[in-house]
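Me: Could you help me learn to read a sheet and a nonpolar core? I would like to go step by step.
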Amino acid sequence: MNGADDDPAATLLTTEQAAAAARVTPRDIQNWAGRGLLRPLGRDGRGRNLFRELDVLYAERSTRRAPRLRALLEQAAAVLDAPAPGVRPDLARKPPQDHANAQVD
Amino acid sequence: MTDPHHPHDARRCVLCRQRPAWAPRWVCALCYRALRADLADLAAGYEWLGECMSALPPSWREHAIHAAPLAPPPPMALHLAQTRSDISDNVWYWVQMVLDAKRPASRPPAEPSVPAALAWLTARLGWITRQPAVGELAGDIARLRERAERADPRPAPRIDLPLPCVRCNTLGLSLHGDRLAATLVACRVCAARYSVADCRAILAAARTELPPDGCAPAPGPAPIGHVGSAA
């Protein structure tokens, strides 16, 4: 589940990918890079900046304010309410019951 | 804070070692729920591995053309069979432990199957969590669940969850839209794990801590309530 592809310290992202990961615009990523919050680790074959995903997530954290947090929470609510793709209904886990009903003996 | 009439209140949860135990148990309410969820996940994982175990690769369909005659592969995935066998051994070990220790004695599981044994353990979770050895059982169950998850031959699609992690406050959370881990949310930055129920609680707490829309923005990163179980 947590393979190398999932490791944000080992994942390099273009500006557009970094923007998607941080849920901001590419202009925000460029802005962070200009302010020194984010440092590109190199360039890809097309000359585009590459950022480490972990750095992007830390930059997002340090610049997050209430309006963005509010938008993130709305997006998170939408994700949590959507059914996960690939879930087999016959094997999907039933939600845990209340504590009051949880024990038989 | 400790009520002298309830000495159990002073206990720490033996699993997270942070929150007070849910008296008279040895675990807190969140870890109780996590253990219950692990038991359910393990049963689903065991059944799924059984379905995957006998599937032959597509190259061994009858009409497939082979460059050279090859010996057919074994008709089952041996590593999945080994994983299932280990799960079975461990689960039945714990069933036997409960049968030996519990008074009044319980009847054994109705069926000699691992899902039935796990359901039997789940039904006795109230008694189990009142025993000091619950930490060992919970550790075994979590380890087996993770092993079943790792053995799952299908790649797990990742769904990013734009909710700040309680532990590291980054957007590293992702929900694995896999059958086994359909309700598992993990942080890729700090490896904290949550159930979807935890995430909903975190979301609700974060919403209540936000200033009303239209107010001046907070001077620093908005704090997130520490509600979830960062295991």
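Reply: Let's begin with one pair: S1(A) and strand S3 (residues 49–52) of chain A run antiparallel, joined over two bridges. Strands pair if DSSP finds at least two bridges between them; strands (E, at least two residues) and helices (H or I, at least four) are DSSP runs numbered from the N terminus. This is a predicted model, where local features need pLDDT of at least 70, side-chain atom pairs count only at pLDDT 80 or more, and totals for chains, interfaces and linings use all residues. Residues are numbered from 1 along each chain as its sequence is written, chains are lettered from A and ligands numbered from 1 in the order written, and side-chain values use heavy atoms, without hydrogens and water.

Me: Which residue is the bridge partner of A:Leu12 in S3(A)?

Reply: That partner is A:Arg52.

Me: What is the order of the strands in the open sheet of chain A?

Reply: The order is S1-S3-S2, with antiparallel pairing. Strands S1 (12–13) and S2 (42–43) of chain A each have a single partner strand, so one side of each lacks a neighbour in the sheet.

Me: And how do I read a nonpolar core?

Reply: Nonpolar side chains tend to be buried together in soluble globular proteins. A core here is a set of buried Ala, Val, Leu, Ile, Met, Phe, Trp, Tyr and Cys residues joined through side-chain atoms within 4.5 Å, where buried means under 20% relative accessible area (1.4 Å probe, protein chains only). The largest one has 41 residues, and B:Ile87 is among those with the most contacts inside it. Helix H1 (29–53) of chain B is one of its suppliers, and H1(B) gives the largest share, twelve residues.

How values were computed
Buried means under 20% relative accessible area, exposed over 50%, partly exposed in between (1.4 Å probe, protein chains only).
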